[in-house]
Amino acid sequence: MTKNTNPSAHVGRFLTVEGVEGVGKTTNIDFISGWLEGQGIPYIHTREPGGTPLAEEIRELLLAPRKEQVAPTAELLMMFAARAQHVEQVIKPALADGKWVLCDRFTDATYAYQGGGRKMDFNKIAQLESMVQGEFRPDAVILLDLPVAVGLARAAKRGALDRFEQEAESFFQGVRDTYLARAKESPSRYWLVDAEKSLDNVQDQIAHILNKIVSGQVG
Ligand code: Z5A
């Protein structure tokens, strides 16, 4: 892999990776990290919910299966509490330092999971987004997409299920539908990847997208 000499590669970019359960985010984020390293692009890898000690504690609260029913509004507020900390403490400072930020999920996941999955009002999510982020948004969203049943079958091969993974297939269908609707609304920001294909094929698609982002065709 030759190093990138394009000056736009050295301006911090905020890149998020999204998708439904079992879509292969972890696998492909490792690939993206290796790709950025190969290009000599300084970056940090982080995740949501989480990314700071406080936000990681909130993540544990959010993911732990529990007998008590979690009110959707409580879940939504915890997502944004963790995000407020993460944006201010980690994401914005890294971008200001000229680094790329590779983030495993961000606010698009809130629209997809709390909006499409839990059926919370999208306007309420937008209000919190505006309160926590102002106009701050990812430069590019890589959306890994596949049929829900395929993703759930892949995920079933892993260990114990967290609180979200225990949801019904219809919940994840709402998540997928919302991601796809958002991608359709903002084609300049979303990059859709057919994640049902072989891993080699998926990573070829992602490398093609990364080349376009680095050459300044987005953001
Ligand atoms: N959440 C939310 O509700 N609201 C929010 O605002 C935010 C998050 C930010 C934690 O997320 C939960 O938080 C999440 C949504 C909620 N809950 N769920 N579900 P997470 O991102 O940490 O959790 P995750 O969705 O389980 O992500 P993951 O660990 O990255 O899983 P994955 O996407 O399934 O990736 P994987 O482990 O790489 O792949 C799964 C398997 O498929 C694995 O065995 C791979 O080897 C295999 N794989 C991958 N690619 C392929 C291909 N192409 N072919 C065949 N097999 C493949």
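Let me begin with Arg105, which is buried, with a relative accessible area of 14%. The model I am presenting is a predicted one. Arg105 sits in the loop between β3 (100-104) and α4. Its phi is near 75°, a positive value in a residue other than glycine.

Arg105 also takes us to the largest pocket. Together with Glu21, Lys25, Arg59 and Glu165, Arg105 lies nearest the centre of that pocket, which is lined by 29 residues. The volume of the largest pocket is about 640 Å³. Which helices supply at least two residues each to the lining? They are α1 (25-39), α2, α3 (72-96), α4 (107-117) and α6 (148-155). The largest share, four residues, comes from α4.

I turn now to the ligand. There are 29 residues around the ligand, and those that come nearest are Glu21, Lys25, Thr26, Thr27 and Arg105. The side chain of Arg59 places an N or O atom 2.6 Å from an oxygen atom of the ligand. In the side chain of Arg154, an N or O atom is 3.2 Å from a nitrogen atom of the ligand. With Leu199 the backbone is involved: one of its N or O atoms lies 3.4 Å from a nitrogen atom of the ligand.

Next, the loop between β2 (43-47) and α2 (53-63), in which Thr52 is found. Is Thr52 buried or exposed? At 7% relative accessibility, Thr52 counts as buried, because the cut-off for that class is under 20%. Leaving aside neighbours within four places in sequence, Thr52 is in contact with Gln85, His86, Gln89 and Val90. Pro49 belongs to the loop between β2 and α2 as well. The peptide bond that joins Glu48 and Pro49 is cis, with omega at about -15°.

Finally, I would draw your attention to Lys119, in the loop between α4 and α5 (122-133). Phi of Lys119 is near 65°, again a positive value in a residue other than glycine. Lys119 has a relative accessible area of 61% and therefore counts as exposed, the cut-off being over 50%.

Technical notes. Residues are numbered from 1 along each chain as its sequence is written. This is a predicted model: local features need pLDDT of at least 70, side-chain atom pairs count only at pLDDT 80 or more; totals for chains, interfaces and linings use all residues. Side-chain values use heavy atoms; hydrogens and water are left out. Buried means under 20% relative accessible area, exposed over 50%, partly exposed in between (1.4 Å probe, protein chains only). Contact means heavy atoms within 4.5 Å. On a 1 Å grid over the protein atoms alone, a cavity is a set of points where a 1.4 Å probe fits but cannot get out, and a pocket is an open set with protein on both sides within 12 Å along at least five of seven lines; lining residues have an atom within 4 Å of a point. Grid points are joined across faces, edges and corners, and a volume is the space filled by probe spheres set on the points. A residue is near a molecule or strand if one of its heavy atoms lies within 4 Å of it. A polar contact is a pair of N or O atoms within 3.5 Å; within protein, one must be able to donate a hydrogen and the other to accept it, and residues adjacent in sequence count only if both atoms are side-chain atoms.
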